Amino acid sequence: IPGSVNETLVATIPEGFRPSRTETRLCQGSIKNTWLLTVNSNGNIGFSRYGTTSNTTASTDAWLPFSINYPVG
């Protein structure tokens with residue numbers, strides 16, 4: 001759920017580069033884990049829902065690549 005309580009703030013995008021609406025992407029993590037990338041219209045970039053069949057804590061050496069494109073507005 002975008003903006004959920006379990007979302008970890010990763011970074012904030014400056015004004016002028018933020019999406020006009022919340023954008024989400026399911027991303028591949030380490031091994032079989034996946035995670036949810038959320039880019040909110042307020043500029044907050046969030047990380048949540050890491051795991052395979054249930055949420056788990058990502059280790060400090062977890063592989064978390066991402067890529068996202070969106071219209072700026």
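Modeller: In this predicted model, ring pairs link W35, F47, Y50 and F66 into a cluster. Local features need pLDDT of at least 70, side-chain atom pairs count only at pLDDT 80 or more, and totals for chains, interfaces and linings use all residues. Residues are numbered from 1 along each chain as its sequence is written, and side-chain values use heavy atoms, without hydrogens and water.

Colleague: How is a pair of aromatic rings described?

Modeller: The distance of the centres and the angle of the planes describe it. Rings of Phe, Tyr and Trp (its six-membered ring) pair if their centres lie within 6.5 Å; planes under 30 degrees apart are stacked, over 60 edge-to-face, and the rest tilted. By this rule there are three aromatic pairs. One of them, W35 with F66, is edge-to-face, at 6.2 Å centre to centre and 90° between the planes.

Colleague: Are W35 and F66 buried or exposed?

Modeller: Buried means under 20% relative accessible area, exposed over 50%, and partly exposed in between (1.4 Å probe, protein chains only). W35 is buried because its relative accessible area is 3%, whereas F66, at 52%, is exposed. Another pair, F47 and Y50, is tilted, with 6.0 Å between centres and 35° between planes; both F47 and Y50 are buried.

Colleague: How many salt bridges are found in the whole structure?

Modeller: A salt bridge is a side-chain nitrogen of Lys or Arg within 4 Å of a carboxyl oxygen of Asp or Glu. The search finds two. E23 meets R21 at 3.8 Å, N to O, and R25 at 3.4 Å. Through shared partners, R21, E23 and R25 join into one network.
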